[in-house]
Amino acid sequence: MTLWLSGFFFVFFLIMTFFLFSMGVTVIEFQLFTSFFTSLSVSFVIDFYSILFASVVSFISAMIFFFSQFYMDGDTQQKGFSLLLSGFVISMFFLIFSPNLFFLLLGWDGLGLVSYLLVVYYMSVSSSVAGMLTFLMNRVGDIFFLFSLSLFSLFSLFSYFDNKALVFVQMGAFFLLITFITKSAQIPFSSWLPAAMAAPTPVSSLVHSSTLVTAGVFLLIRFSPLMLKFFYFLIVISVFTMLMAGTMANLEWDMKKIIAYSTLSQLSFMMLSYSTGLIIFCFFHLLTHALFKASLFMSGGLVIHSEDSSQDFRNMSPFSSGKKLFASSFVVCILSLCGFPFLSGFFSKDLILDTLLSSFVLIILFLIGVFMTILYSLRFSYYMLISLSSFRSSLSGVYENVKYLILPIWSLIIFSIVMGSFWSEFFFNFFFFFTYLLSIWKLFYLMLVAFLSLAYMFILKKIFFLKLYFFSFMWVLNQNMTARGVKLFTIMADKIFCFLDQSWWEFYGPQNIFFSFTSASVLVMSFVEWSLVYFFALFIFLLFFFI
Amino acid sequence: MTTNYLTTRAISHREQVCALYKKAVRTMEAYWVIRADVRYQAVMMRHRFDQNKDIKDMRIAVKLLRDGEEELFMNQHPIPFQYQYSPGGSAYGRVPYKPDWLVDSWHPLEKASYPKYFAQREKRKDEWVKYWEDHYNKGQKFDDHEPEWHGNWDEKLPGEKVGLDPHKKVKPHHH
Amino acid sequence: MNKNLPLMSMFYLISLMGMISSNNWFMFWIFMEMNSLCFIPLMLIKKTKKGGEASLLYFIVQGISSMFLLMAMINEESSLMDVSEPNSSLITVAFLKMGAGVFFNWLFLLSFSITLSILLLILTLQKLSGFFLLLLSQAGLSYLMLIFIFLSSFMAMFINMKQNLFKSMLTVSSLSNTSWLLTAVVTTYSGWMFYFAVYSFSLVLSSTMNNKYLDQNYRNSDTLENPLLFLSMGGLPPMPGFFPKILILMNLSYSRLSLLSIFLLLAACVDIFIYLRFSFTSALKNNGNLMYCKAVTTKSIKMLSLSAVTMVTMMAIML
């Protein structure tokens, strides 16, 4: 079943690749019905963005289905798992191809629902809590989506082709922005992203590479004409998210969570490039990031599997077969992540770095964020590689025949090495000769960071052992956005309920209106029941009026 | 000091020191990744404990203990290390445990749906009780009250409990 | 059955046809007289306690209105239909015949003393003469018209609060619908036709019911029909009464008459509130018998299916 699905998505990938070479925008639209004000239609947009992203999504999902055949082997509900996962991909396709807000909402809610079901796949209390957090936090975004949908429907604007500079449309665009940053887990809404790591690893891989969290960025790119006014807002949010994710990735010990934070920092990197106007670069980085992040997660899943589902770096054993085989894939992914020259991450990241450094105001924070990226990348690969030679308490490496996983992981690795330059030359038409020369300073920067990170690991360890609770718990975002935030709102609602809704507003609002209407109706009724006398008086009056 | 939710007995000073040492080593396991580092730190910590092992004055000893607990508290790890199948670990409770006695709590009508299975089950239960009486509860009447708590088993070290010399070199056994 | 009923009905219909197809006011006046002279015997077919008084009242009202029509003709010094400037006295005659605005009280008084079928005729076909007058005189949205539209909707809103009889509720709702129809007749002719058709259809459906007494606070009927009828006339969205209203509102918004549409909507909101209030009491308060079983098995299934068919038809027309 899983392999069949994998094959299906691979065929879809091939079809998409065929379409890739026919540039241009095609919109296929089926009118469902037209009523007084609205016309509802199912429409698909086939253009550069959707085809390229859909091909990447289908390729990655084919590889991940192949991987999950191995990873979820022996699980009792493997069939349902694959079906859920394919539901995920299908809702993502809805999101990619539909320009219509209604069907966008369909894909959006499909993503939310399926993500909840997949996070609670393991039947532990912690995954249940994580799933609920994920679902509710995304639900906040969905509510804003509904707001914006209702605002747009006032003007019967249901697709992103028609945008008008109306006040309501601007408001709706702001709500849409909030929706997208909830899905992409930017700073006030980031707490669900590490929590969602309770899902099985293939799910995390799919979520973080190409479906759930990147959906927000993809739709931001889609709706970019509407978002122009909120770019400054987005800059601040993304820079702080980048810093937060970087610190968290440097302090976290759970392997999957580190990768999750790296995704978060990459997402905010994309957001940053988006909000400074480099929309096409943002899309390019989205694609390359999808490739190496998928393979990174799959390699991580392999390590977790061979460590007997232990995710902690402090519990690594050198005796697992998967790790030996795939340590190099880790390294390639990590280097691509931090933008090592001539890997695919370099092509996208380097462009953004160069362009931003010439124009960017919050340059220090930005540089710190990039520094953090390189730092956690090095930290990750250090612990991954050092666990091959030294061992911790666990001696329980699982030996598995993982040879046939070479196909999904290494094909993605090859893609993530090659595709950066391929895309940049054939699709984006970026020229790199000048940037190579200009970016030599970045190599120095990389070396400096490597030195500093070594210093961090061996010399400055003590400094980092200060009370790091603030940083270790996502800048206390987790508490503030869940329990404390809800408490604040509850208290506020209680106050409003007591002092306004049930007392003053009720007294001067509905009750007052009802009372005044009733007394007015008594007055009018007295006129009407006065009947014939009144009528003849009116008649005589009119008689005089006409004569 | 004890971390137990409900303290049911007085805890001796020796126990408290041992617990402190154990927690200190656990905290160090959370900070240091490589096994050699952890062992080195544990040895250093053991040295710190050993320096004060001969103090007879209980006032100083208690103060040292309190200081140590303070230090432990201030240096606790934000993300403590946990094995995957332990409570708080990443894989804890993934496979739901369904206790066998749930089947006994079925309604008789439900049980009547599977008459063969439940007849077999009752038979096996009787056999198990008989086996237990024969092997572990020789000559005594079967009683489902908890036995009375005699003494404190935790007071003794594992070696002392089985009557071995703790300083004698024991061949470690594998699980 | 009265021997003269077929003849009278024929003359009645001929009078309606004649009114809309007459080309001068004198012919219109003749057909109007014919209309009232046919209708008053129809009122008297069924002998009731107050029937004579009611027919007399109706005769007086019709006489006064035809007198005004004659006076308007004399004032104009011509019986030809002058398209250039609609006469305000003609419009007043139309209001008087319809019972719109301040002329509502004769209709209200009449509603207590006539049978339901005659009331339905007065509320639907007899109003046609007034509307024909407005249509033929090419009345525009003058101040007089606006004042009467506002007065109709607001009076209906206020009087509606105090009604608990089925017939008087019908009458008052006809007043509020008259305000909508007046708006339609001066803005869009097709909208007026559509509204009038749907409104008459709903009212005729209501004649299948035999509820004489309908209490807002206490309910003695056990069917589901009345709330549906009234919600349809109030214009709650899925009911058939909603569609002509939204059509008229669309027309108003196209012609930028936002104030008028706001007033009409406000009155419609209050109407719907009042209808919903007694629908709740009637729907939620069961008298120990199985309300919905009875309702579904008897007439109301017919009613429901009819309203569903109407709704689908309306949707089709809209599309």
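**From one residue to the interfaces**

Mentor: Let us begin with A:His208, which, leaving aside its neighbours within four places in sequence, is in contact with A:Leu193, A:Met197, A:Val213, A:Thr214, A:Ala260, A:Thr263, A:His289, A:Lys293 and A:Phe297; contact means heavy atoms within 4.5 Å. This is a predicted model, in which local features need pLDDT of at least 70 and side-chain atom pairs count only at pLDDT 80 or more, while totals for chains, interfaces and linings use all residues; side-chain values use heavy atoms, with hydrogens and water left out. Residues are numbered from 1 along each chain as its sequence is written, and chains are lettered from A and ligands numbered from 1 in the order in which they are written.

Trainee: In which helix is A:His208 found, and is A:His208 buried or exposed?

Mentor: The residue belongs to helix α8 of chain A, residues 201-209; helices (H or I, at least four residues) and strands (E, at least two) are DSSP runs, numbered from the N terminus. Buried means under 20% relative accessible area, exposed over 50%, and partly exposed in between (1.4 Å probe, protein chains only). Because its relative accessibility is 1%, A:His208 counts as buried.

Trainee: How many helices and strands does chain A have, and what percentage of its residues is buried?

Mentor: The secondary structure of chain A comes to 22 helices and 2 strands. Among its contacts between residues at least 6 apart in sequence, 81% join residues at least 24 apart. Of the 547 residues in chain A, the buried ones make up 57%.

Trainee: Where does A:Ala185 lie, and what is its phi?

Mentor: Most residues other than glycine have a negative phi. A:Ala185 sits in the loop between α6 (167-183) and α7 (192-195) of chain A, and it counts as buried because its relative accessibility is 0%. Although A:Ala185 is not a glycine, its phi is positive, about 55 degrees.

Trainee: Is C:Arg256 buried or exposed?

Mentor: C:Arg256 is also not a glycine, and its phi is positive at about 60 degrees. The residue is found in the loop between α12 and α13 of chain C. Because its relative accessibility is 73%, C:Arg256 counts as exposed.

Trainee: How many helices and strands are there in chain C?

Mentor: Chain C has 319 residues, of which 57% count as buried. Residues 24 or more positions apart account for 77% of its contacts with a separation of 6 or more. Its secondary structure comes to 15 helices and 0 strands.

Trainee: Where does UniProt place the feature "transmembrane region" in chain C, and how far apart are the end C-alpha atoms over residues 259-280?

Mentor: The unreviewed UniProt entry places the feature at residues 56-74, 103-125, 132-159, 179-206, 227-247, 259-280 and 301-318 of chain C; positions are in the numbering used here, feature names are shortened, and annotations may be inferred rather than shown by experiment. Over residues 56-74 the chain is 100% helix and 0% strand, with end C-alpha atoms 27 Å apart. Residues 259-280 are likewise 100% helix and 0% strand. Over that stretch the end C-alpha atoms are 31 Å apart.

Trainee: What area do chain C and chain A bury between them?

Mentor: The contact takes 32 residues from chain C and 24 residues from chain A. Buried area is the accessible area (1.4 Å probe) that two parts lose on being put together, summed over both. With 87% of it on carbon and sulfur atoms, the area buried between chain C and chain A is about 2600 Å².

Trainee: What area do chain B and chain A bury between them, and which residues of chain B lose the most area to chain A?

Mentor: This contact takes 27 residues from chain B and 28 residues from chain A. The buried area is about 2500 Å², 53% of it on carbon and sulfur atoms. Together giving 27% of what the side of chain B buries, the residues that lose the most area to chain A are B:Val33, B:Ile79 and B:Arg94.
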